[in-house]
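Here is a short report for a first look at one protein model. Have the sequence and the 3D view open as you read.

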Amino acid sequence: MGMSTRRLATWGVLAAGIGLIVIFAMPSYRQGEASITGTPAKDFALELSGKPIHLSDLRGKIVVLDFWASWCPPCIQETPSLVQMQARLKDKGVVVLGVSEDADEDAYHRFLQRFSVNMVTVRDPSAKTKGLYGTVLIPETFIIDRKGVVRRKFVSAVDWNTPEIMDFLTKL
């Protein structure tokens, strides 16, 4: 084996090793991940208009808990459908609770105004709340039933107005 062949082999092994590290270091995500289905939603408190809001305050409603940020392209993509879905299903007890990890409060408010966001949304620049749910990538959304149990998890942008999702939410 010549010197350049050994170098190529060494680089190949090194690249493969780095690839494995990246694969094993990244969390494993699946739409509708079964491992969290049926578990109680973790309660948290954040501030909304100077008052504390707890996830448990929404017990009795179907909660669409959405972790997002104004700088996140998939979050931008899905926001209009979240707003539309909230408007269509609020009379059926469905409420969207958006938790933004925006550090920049002005960017957060510009986003809400730009997309006419009229659902409940709070800012958590520490990202502690998403940490409770093991969320790394955003957007990530959890569907929580009226009893406070996680029923489904979605990763990345979702069209919240598809017949399948609308049917799922209205049957909870």
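## Helix α2 and its packing

The buried residues of helix α2 pack against β3, β4, α3, β6 and α5. Buried means under 20% relative accessible area, exposed means over 50%, and partly exposed lies in between (1.4 Å probe, protein chains only). Contact means heavy atoms within 4.5 Å. Helices (H or I, at least four residues) and strands (E, at least two) are DSSP runs, numbered from the N terminus.

This is a predicted model, in which local features need pLDDT of at least 70, side-chain atom pairs count only at pLDDT 80 or more, and totals for chains, interfaces and linings use all residues. Residues are numbered from 1 along each chain as its sequence is written, and side-chain values use heavy atoms, with hydrogens and water left out.

Which residues of α2 are buried? They are Cys75, Glu78, Thr79, Ser81, Leu82, Val83, Met85, Gln86 and Leu89. An α-helix has 3.6 residues a turn, so residues three or four places apart point the same way.

α2 has 17 residues, which should span 24 Å at 1.5 Å a residue. The expected span is 1.5 Å times one less than the number of residues. The end C-alpha atoms of α2 are 25 Å apart, which agrees. The helix also has a kink of about 35° at Thr79, shortly before the proline Pro80. The bend at a residue is the angle between axes fitted to the seven residues ending there and the seven starting there.

## The chain as a whole

The chain has five helices and seven strands. From the N terminus on, the elements run α-β-β-β-α-β-α-β-α-β-β-α. Of the 172 residues of the chain, 41% count as buried. Among contacts between residues at least 6 apart in sequence, 69% join residues at least 24 apart.

pLDDT is the predictor's confidence in each residue, from 0 to 100. The chain averages a pLDDT of 84, and 80% of the residues score at least 70. Among the elements, β3 has the highest mean pLDDT (97) and helix α1 (residues 3-25) the lowest (42). Over residues 7-32, pLDDT stays under 50. For residues 7-32 the model has 15 contacts beyond four places in sequence.

## The nonpolar core

In soluble globular proteins, nonpolar side chains tend to be buried together. A nonpolar core is a set of buried Ala, Val, Leu, Ile, Met, Phe, Trp, Tyr and Cys residues joined through side-chain atoms within 4.5 Å.

The largest nonpolar core has 43 residues. Val64, Leu65, Met85, Leu97, Tyr133 and Trp160 touch the most other members. At least two core residues each come from β3 (62-68), α2 (73-89), β4 (94-100), α3 (105-114), β6 (140-144), β7 (150-155) and α5 (163-170). Which element supplies the largest share of this core? That is β3, with six residues.

Not counting residues up to four places away in sequence, Trp160 touches Val64, Glu78, Ser81, Leu82, Met85, Thr141, Ile143, Phe154, Ile165 and Met166.

| Pair | Apart in sequence | C-alpha to C-alpha |
|---|---|---|
| Phe142 and Arg152 | 10 residues | 5.8 Å |
| Gln86 and Asn161 | 75 residues | 9.6 Å |
| Trp68 and Thr79 | 11 residues | 9.3 Å |

Phe142 sits in strand β6. Phe142 counts as buried, at 1% relative accessibility. Beyond four places in sequence, its contacts include Ile36, Val63, Tyr133 and Val150.

Gln86 lies in helix α2. Its relative accessibility is 10%, so Gln86 counts as buried. Leaving aside neighbours within four places in sequence, Gln86 is in contact with Val94, Val95, Val96 and Met119.

Trp68 belongs to strand β3. At 5% relative accessibility, Trp68 is buried. Beyond four places in sequence, its contacts include Cys75, Gly98, Tyr108, Phe111 and Ile138.

## The disulfide

A disulfide is a pair of cysteine sulfur atoms within 2.5 Å. By this rule the count comes to one. The disulfide joins Cys72 to Cys75, with S to S at 2.5 Å. The torsion about the S-S bond of Cys72 and Cys75 is about 75°, so the disulfide is right-handed. Cys72 is buried, with a relative accessible area of 3%. Cys75 is buried at 1% relative accessibility.
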